[in-house]
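Me: I have a model open and want to go through a few spots. Can you take quick questions?

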Amino acid sequence: MKAKIISLFHYLLVFLLIIFNTSCQAKSINIVDTNNNDQIELNFYGYKTEAINVVAIEEILQAYMDKNPNITITYESVKGTEYYEILKKRLASNNYDDIFMIDEDNLQQLTNYNYFEDLSKLKTIKNFNTNSLEQMVQPDNTIPYIPTSISAFGLYCNLDLLEKHHQSVPKNNQEFMAVCQYFIEQGITPIIANNDISLKTIALAKGLYPIYQSPEKDRIIASLNQDPSILCNYLKEGYQYVKQLIDNKFIDAATTLKTEKTADDLIQFEENKNPFMLTGAWASVRVEKKFTRFKF
């Protein structure tokens, strides 16, 4: 199966694809490297329910099944918190699916129950970069999950609006601040942000980026787990930066509180009134398909 990965400034997001360790049922199936012709039926349980996501998953699974005619994979999805309620009931009854999605918190809670297959021997593991692998490998050198996707978080730029105002796409923070200040002086709020990940991600990225660039990152991360005050010191710079954006009116805080991710923010951006939007690259497909009024 071809896997995509979601990553945010060098740390993996929580959308993790888990392949079960079925040893407690006295069998183990390696679905990627299977070379036999036995008919295999697999169940895939996930929480991706939006049409665009389901279509992508089904296309990936269908492509895999086309290459492996002896394997049939059925995808079932449940939205919201009900997903984990059902998942935990299935695990408790030993009647669970072959493949399922899980977030980092639940993964840590379940790793001691022998539910997961070790995926470290899969051929596709070598396709992951070092930063991804370092976060996937467990202390015992096993890999219990494969992330479903890696993507970028970034700044969307309305190119037409920038050109209209004779402004360039900023290449660094100094240029970014200058362009934002220009639009403030024109009575335009420069940045559209949502109430979920926009500002949180900026704070995390600004604060934690030096850690992941450090040759001593493993030691530093271990210290964060031991002393939360160290984490606070790193994040302080990130939150100060976000506060600066708000204090400068580069972001409308009141509007942001009501702006839903990958929904309201895209509608605002489409209105062609703001030069920038902060969100994930996963929204780019929707923006590209939906927007016809300007280049971005």
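Me: Which residue in strand 10 is the bridge partner of Gly154?
Reply: Thr279 is the partner of Gly154. Strands here are DSSP E runs of at least two residues, helices are H or I runs of at least four, and both are numbered from the N terminus. The model is predicted, so local features need pLDDT of at least 70, side-chain atom pairs count only at pLDDT 80 or more, and totals for chains, interfaces and linings use all residues. Residues are numbered from 1 along each chain as its sequence is written, and side-chain values use heavy atoms, without hydrogens and water.

Me: How do strand 8 and strand 10 pair, parallel or antiparallel?
Reply: Antiparallel, over 5 bridges. Pairing takes at least two DSSP bridges between two strands.

Me: What is the strand order in that sheet?
Reply: The order is 8-10-9, in an open sheet with mixed pairing. Strand 8 (153–157) and strand 9 (191–193) are the edges.

Me: Which helix packs on the sheet?
Reply: Helix 6 (residues 173–185), touching strand 8, strand 9 and strand 10. Contact means heavy atoms within 4.5 Å. The direction of helix 6 makes about 130° with that of strand 10. Angles run from 0 to 180 degrees between N-to-C directions, with axes fitted to C-alpha atoms, for helices over the stretch in contact.

Me: New topic. Is Gln138 buried or exposed?
Reply: Gln138 counts as buried because its relative accessibility is 18%. The cut-offs are under 20% for buried, over 50% for exposed and partly exposed in between, with a 1.4 Å probe and protein chains only.

Me: What does Gln138 touch?
Reply: Pro144 and Tyr145, leaving out residues up to four places away in sequence.
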